[in-house]
Amino acid sequence: MQAVVCHGPEDYRLEEVAKPSLPDGGALVRVEAVGICASDLKCYHGAAKFWGDENRPAWAETEVVPGHEFVGVVEEIGSEAAQRWGVAVGDRVTSEQIVPCWRCRYCLRGAYHMCAVHDLYGFKRRTPGAMAEFMTFPPEAIVHRISKDLPPAHAAFVEPLSCSLHAVERADIQFEDVVVVAGCGPIGLGMIAGAKAKGAAHVVALDAVASKLDLAKRSGADTALDITTDDIYEVVRGLTGGFGADVYIEGTGHPAAVKQGLNLLRKLGTYVEYGVFGSEASADWSIISDDKELDVRGAHLGPHTWPKAISILESGVLPMDDICSHQLPLSQFQEGLDLVGSGSTSVKVSLLPGS
Ligand SMILES: [Zn+2]
Ligand SMILES: [Zn+2]
């Protein structure tokens, strides 16, 4: 079969590799669509702090097939796995991006997304990803069925959406809350839809690209502001009787967005960090303590949110035709990576291995 193989930073190649066989207790899946994520791009560029720094575990190994945002059709499955996951040959399925060990401290306490082993599809040799015609789900995988009525690229958006929803859950949103979402890329748009689904009184979206602000409004944002031209502090104060935002959810990974969030929040507000940063962010931490007594929380992956992500996609509330801006055959993976890298011309770029 054809597969993209990572040989190291900026050295990904389309190769003919052996089609995997049905793993014991797992499933063999024919991949329909795989999204390219900002984390795939970081990995592609070598993510120096992950590849080079001895103090950090290399989470991206070589000789791995990338791709962790996918849907496919069950090609082969044993009866035990079929029963465990409630799926059959021919069903469209997805698997959560982490394959938990189910034995470590985190897995045993329900926080499987923090599994100490941390086998993520597409980043570890033990769990090859979806930029291939076929992939396998090991028995430890968490598998969900997803409607065949959705276009494959739309269905594969379940992975980033699950991450957005987890960040929203970390924010513990109340009905009266004015929620600010920083960044209107795929993750931010999902956060906007998630914050609305949680009943936030008002959702404010921030970005610097007009087309993304338009998508933010169509994803449910009540107000969309351009950080380069609008006075965001004035608008948020106006919406909150002068106090400031109740919740700030950061999805850009830009250091300036950290200070911005700490400043936009009211006292006792909640800051959720989802962004992955290319450099250190600095801020005056006394805003968190002495000044505002903030709750600052991180968010990683999307535990316990996949069923809701699937129902949001199936409900059609998100403008998926525009969110899934580019679909390419597997052979054009390089163009896909470059599109994600160029930023403002694309939203979600997907590869369709079967096409
Ligand atoms: Zn992703
Ligand atoms: Zn574990």
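This is a predicted model: local features need pLDDT of at least 70, side-chain atom pairs count only at pLDDT 80 or more; totals for chains, interfaces and linings use all residues.
**Two domains**

About 680 Å² is buried between domain 1 and domain 2. Carbon and sulfur atoms give 66% of that area. On the domain 1 side, Lys 42, Ser 344 and Val 347 lose the most area to domain 2. Together these three residues account for 55% of what that side buries.

Polar links between the domains can be counted too. There are zero salt bridges between domain 1 and domain 2. One residue pair is in polar contact between them, with both residues at pLDDT 80 or more.

**The six-stranded sheet**

Six strands form an open sheet. Their order is E12-E11-E10-E13-E14-E15, and the pairing is parallel. Strands E12 and E15 are the edges, each pairing on one side only. From one strand to the next, the twist averages 20°. Strands of a sheet pair through backbone hydrogen bonds, in either a parallel or an antiparallel way.

| Strand | Residues |
|---|---|
| E12 | 223-226 |
| E11 | 202-207 |
| E10 | 178-182 |
| E13 | 245-250 |
| E14 | 265-273 |
| E15 | 295-298 |

Val 204 stands opposite Thr 223 in E12.

Which strands does helix H10 lie across? Helix H10, residues 255-264, lies across E10, E11, E13 and E14. Helix H10 runs at about 150° to E14.

**Salt bridges**

The count for the model comes to 14 salt bridges. One salt bridge joins the side chains of Glu 80 and Arg 84, at 3.1 Å from N to O. Why are Glu 80 and Arg 84 separated by about one helical turn? Both sit in helix H3, residues 79-85, and they are four residues apart, so about one helical turn separates them.

Definitions and conventions. Residues are numbered from 1 along each chain as its sequence is written. Chains are lettered from A and ligands numbered from 1 in the order in which they are written. Side-chain values use heavy atoms; hydrogens and water are left out. Two strands pair if DSSP finds at least two bridges between them. Helices (H or I, at least four residues) and strands (E, at least two) are DSSP runs, numbered from the N terminus. Axes are lines fitted to C-alpha atoms, for helices over the stretch in contact, and angles run from 0 to 180 degrees between N-to-C directions. Contact means heavy atoms within 4.5 Å. Buried area is the accessible area (1.4 Å probe) that two parts lose on being put together, summed over both. A salt bridge is a side-chain nitrogen of Lys or Arg within 4 Å of a carboxyl oxygen of Asp or Glu. A polar contact is a pair of N or O atoms within 3.5 Å; within protein, one must be able to donate a hydrogen and the other to accept it, and residues adjacent in sequence count only if both atoms are side-chain atoms.
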